[in-house]
Amino acid sequence: MKLKELMVVLLLGCFALLACGQQAEELPAAPPGYDWSVYKKIILSDDLLEISGIAFAPGRYDTLYAQQDEEGAIFKVGIPSGKYKRVNFGDGGDYEDIAIRADTLLLLESDGSFYGFKLDSLNEKKTKPFGYYEKVLPGGEYEGLFADIVTGSYYALCKSCKSDKKNKQITIYELQWHNDSLLVTGNHVIPTAELTAAGGKKKAAFEPSALAKHPVTGDWYIVSSVNKMLAVVNQQWQVKATYPLSRKLLGQPEGIAFDNSGNMFISSEGDELQAGRILKFGYKKP
């Protein structure tokens, strides 16, 4: 083979390898209206290394309320700056998610207990909950909470419940205020077989860590930190599709929220190598 021909072959081989490398780095498919490769990253301080739940107050989209797993504190995180104000309220615990409706913030503990706060009380460095509601939910481990301003209900996700494992399902409990009490008013069930079928697998771990309702489509978006997956579920709690999440972008996704335009915010815990973060994925109506 002549030198010129050899050089052509080598160049073609390099282009082929480059193309393969680019293909290997492609991100998985995203829900309609989103592109996983287009995002804005908000890097958080060490205080929020273990960020968990996030939520916007209705009509106010310049601040995300957040909490982390272990400390008795609520954080008001500026968007897009990432600068925060910390509000301490008590001792450490196992805090998993927050939800806001009207002027009330509800904080979920993993055992199904809740703390209630008035938003105005979070303007100081320290505050106290106006109420504590112990083990309102059936026994299990809970990680997701969302407040629906349309129905007036809260929706709590069970990450790990014995009855769910036995019946191969995921249960979402609906709660409402009755006088000064927080009561379970119903529940919704998603068969795990629907989740695995939508993902094209016979078996797949799905332990939900957060949920939020899309303000444009009305679909539910449910994040599973285990197996790094996002499930899109319609208003009848039927699975429409599942989408893998990038482990590189979101090492441990624990929270999800939308602004009124449908832009999606996902929080991810940090570790020894990465800081805690919030990624914003812009929404374009398909």
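The model is predicted, so local features need pLDDT of at least 70 and side-chain atom pairs count only at pLDDT 80 or more, while totals for chains, interfaces and linings use all residues. Residues are numbered from 1 along each chain as its sequence is written, and side-chain values use heavy atoms, leaving out hydrogens and water.

Let's start with E143, in strand β10, residues 141-147; strands here are DSSP runs of E, at least two residues, numbered from the N terminus. E143 is buried, at 5% relative accessible area, where buried means under 20% with a 1.4 Å probe, protein chains only. Its side chain makes a polar contact of 3.1 Å with that of K159; such a contact is a pair of N or O atoms within 3.5 Å, and within protein one must be able to donate a hydrogen and the other to accept it, with residues adjacent in sequence counting only if both atoms are side-chain atoms.

Next, β6, residues 95-101: how many of its 7 residues are buried? The count is 6, so β6 is largely enclosed by the rest of the structure. This strand runs antiparallel to β7, residues 104-109, joined by 6 bridges; pairing takes at least two DSSP bridges. A99 stands opposite L106 in β7. Between the strands sit 2 residues, and A102 in this hairpin has a positive phi near 55 degrees.

Finally, β6 and β10 come together in one list: along with β2, β14 and β18, each supplies at least two residues of the lining of the largest pocket.

Thanks, happy to chat!

Conventions:
Helices (H or I, at least four residues) and strands (E, at least two) are DSSP runs, numbered from the N terminus. Buried means under 20% relative accessible area, exposed over 50%, partly exposed in between (1.4 Å probe, protein chains only).
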